[in-house]
Structure formats: structure tokens, C-alpha cells
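Here is a note for a colleague who is opening this entry for the first time. Please keep the sequence and the model at hand while reading.

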Amino acid sequence: MEYRQLSPETVPGFLKDSPSVQQIFSNLDDLEVEEVGDGNLNFVYKVRQRKNPEQTVVIKQAVPFLRIVGESWPLSRTRMNFEIQALEHHTKYCPHHVPKIYYSSTDMSLVVMQNLNRHAVLRGEMIQGKVFPELAEHISSFLANTLFPTTDWCMTGGEKKAMVGRFINPELCKITEDFVLTNPYEDHETNVYHDEVTQADKDYLQQDSQLKVAVAEMKFTFMNHSEALLHGDLHIGSIMANEEETYVIDPEFAFFGPIGFDVGAFIGNLFLAYYAHEVRQKMLGREPFEYRNWILRTAKETWNQFQAKFEANWVAHEQDAPSSYWNYPEGQIGFALQRQRFLHHIFEDTIGFAACKMMRRIYGLAKVADIAEIPDLKARLGVERNVMRMAKVMVQQRGSFRSIEELTALAQEISPLR
Ligand code: SR1
Ligand code: MG
């Protein structure tokens, strides 16, 4: 099939030509199509049958450019090939938290999937101050269950290297290398500053050598440590949820990288929300304490549960296929020490990458609505300064935190819960 960019007008004709999707709709002549993509890269269509709206799908299509910038910024459509492969991996290891895939086409660079119409994008929901009681439990499961199986603790060297090869994703990695790990820390032309930002604010991130060394180390880790198949962009805009269910979407940035990058993306976004809600809860007419307390609790539970689940997966794998390596009287002590040291290494990376994911949202091109849509610029700047203060300590002292509780204590030291 030859690639063509879909539009709301051409979606029904495309579906009529796709046999596996036809079974979902009893009548293909009465479809309602709406373009709903609010991400930075792709187009997303919601399709419903007018008389039977429960017959519905979502189509996500990559276009040959970066949507946030436009056609002047070419970006190859192969990102959808990575997304399709990653969705298959996530479906295999964590089906409860991945939308059902009905059809995919690398020719058309698209995927047709479950319309999560009882769920909404987590960022928008959190901006409105909604609580998700199961979030930590679900995301920690997603992380532990999708990451562990592609580590060298689980795969043979040959299997792993073959899979690393299938996930060499240079274009989207370059976006992260530039927009997360380089440009925000220099006065780059792609950065965006609002009117209240002072030269001293810019210098705070862009002329601090200790900080820049630490960020450069995180970038090197990102580019060189092929620890596991990552989602690659696990911010809270890549999650759809309601009170009971959580789905992870949009894995087009998937590649083999450092595990802490995924864990840190999620936890860093929680801290962004924590700081934003110092202002936002008041905008909503509420006292900040309760909601911000829930955010910090979610950060703590996510890390602690992730750690426990990752370790449990590792132990279960070793029990299924015991290795002769630990087969000696004190072998189990050695194995436990290895797990502990590896998880501490992931924790250190998690903190460092969470910090970068926070800082990139302040001056970088792609903002987060939690902060960027605070209308009072002085209040927004106050939030941004808190984010930068915390992130700086995190990335520079990432090796000195002993527990997630120490990290949430730092968040509160910079901005008390109320
Ligand atoms: C310039 S592209 C901006 C961002 O959108 C994606 O969601 C990734 O986070 C990327 O860095
Ligand atoms: Mg995305």
C-alpha cells in the first residue's frame, strides 16, 4: 500500500479497504471522524459509528514531519515502525495497561487501536486536580513488567543484541538528545522564554558548569547504556487513565536505553505537577495540601513498588532457570547483593533523568501545560524557579539519595505542601 496522509474525510474510505478493521463496524457508511491529536508529532483520529457509538477506534498516523514545528522540520515516518514493535512488546508483557491493537501498517505508518473513550490523558486530568488511586500500582507494574524481560539479566546476549538492532531509533533519540539533554542548557534558538524570565534565570541553567557537567553525564548514559527496551517518552501525556484503569500509549521513542530514563520520566513529571499545583490548587479554589500530598505519595509508591516488582521478576526468572553462577553455599546472598546494587544504580539514573525531564520543560521548545498554561506569568515563574532548584540538586547529587522519601522531602523543602 502506498503511503498517503489521512484526513477526517479520507479515513472512512481507508477503513473500508482494511478487512481486519471492518469487523469492528456494522456499517462503514455512517462513520464520524474527528482529528484529536494534541501531541507534538502525529495525527490522531477518533472514529465512531454514529448510530452505534460503542463501535469505535482510534487511528494514529505518523506524518513525514514534526507536527509541533510543521513541514519545515522533516522527520521520517519510520517512527511508527518502532511504535508498532514496542506496542507488540508491551502487549506481550503488560496487556492490562496497553490499548488493544486492531491493525497496523508500516506502509501507511499507522496503527488502528482501541478508543480509550472512558479514559482521558493523565496530564489534562491532573491539571484539573483529579486523583488516580491506582496510578502508582499500574505504572510500577508497567515499568517492571516491560523493562525486566529485555535486560541482560533475562535475555541471552545474542537475543538481546538482535533486539537492540531492531530498535535502533536514531531520529527520535536525537530529539531527546537535543530537546531534553542539550538545548535547554544553552541559549539555543529552539528554546522559548516567556516575558518574566530574567537573564539570571537563564544563567541558572545555562551557565552553571557543575550542572552542565552533570547533564552531559546523563546524556552520555542515555546514548550508551542499552539496558532494556524503553518506552522512551513516558511523561504523563503518554498515559490515559480513569480511576480504575491506566493505559500507556505513544511508544514511538522506544529504543534500548537506561532503565532510569523511563522511571525518571514519570517521576519527574509528578514533581512538575507537584510544583504546578502550588498555584493550580488555588486557581481551583482548593487548599494545595491534599492533592500535592497525593502526588508525592504516588511518586514514593511508584518507585518503591517498581523496585519490589522488578526484583520479584528477577527472582522468579532465576527460580525458573537457575544459573550455575549462584550455585554455591552463599550464592543467594551474592544474588541478593547484585539485585540491590543494580536497583540502586537504576535509582541514581532515575533521579538524574527525572531532573533533566523537569528542566527541559522550562526553557525547551516543548512545554507542559501544567506550568506553561498558568496565566499569571509571575506565578508561573515562581513554579519554574522551584522546579529548577529541585532539579539542579537532583542531577548533581543523584548519587547521594538513599531513598525516594529523601527525594520527596527535598520537594517539600523547596515548596512546602501548603
Ligand atoms: C520537539 S519534540 C518534543 C517532545 O515531544 C515528545 O513528546 C517528546 O517528549 C519530545 O521531546
Ligand atoms: Mg508522544
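Predicted model: local features only at pLDDT ≥ 70, side-chain atom pairs only at ≥ 80, totals over all residues.

1. Residues are numbered from 1 along each chain as its sequence is written, chains are lettered from A and ligands numbered from 1 in the order in which they are written, and side-chain values use heavy atoms, with hydrogens and water left out.

2. Helix 14 (helices being DSSP runs of H or I with at least four residues, numbered from the N terminus) has 20 residues and reaches 28 Å from its first C-alpha to its last, close to the 28 Å expected at 1.5 Å a residue, that span being 1.5 Å times one less than the number of residues. At its start, a side-chain oxygen of Asp 376 comes to within 2.9 Å of the backbone nitrogen of Lys 378.

3. Glu 384 lies in helix 14 and is buried, with a relative accessible area of 1%, where buried means under 20% by a 1.4 Å probe on protein chains only. Beyond its neighbours within four places in sequence, Glu 384 is in contact (heavy atoms within 4.5 Å) with His 194, Val 197, Ile 362 and Ile 371. Other buried residues of helix 14 include Arg 380 and Lys 392, and among the elements covering its buried residues are helix 12, helix 13 and helix 15.

4. Ala 366, in the loop between helix 12 and helix 13, is also buried, at 9% relative accessible area. Not counting residues up to four places away in sequence, Ala 366 touches Asn 40, Ile 68, Arg 360 and Arg 361.

How values were computed. Helix = DSSP H or I, 4+ residues; strand = E, 2+ residues; numbered from the N terminus. Buried < 20%, exposed > 50% of the residue type's maximum accessible area, 1.4 Å probe, protein only. Polar contact = N/O pair within 3.5 Å; in protein donor to acceptor, adjacent residues only side chain to side chain.
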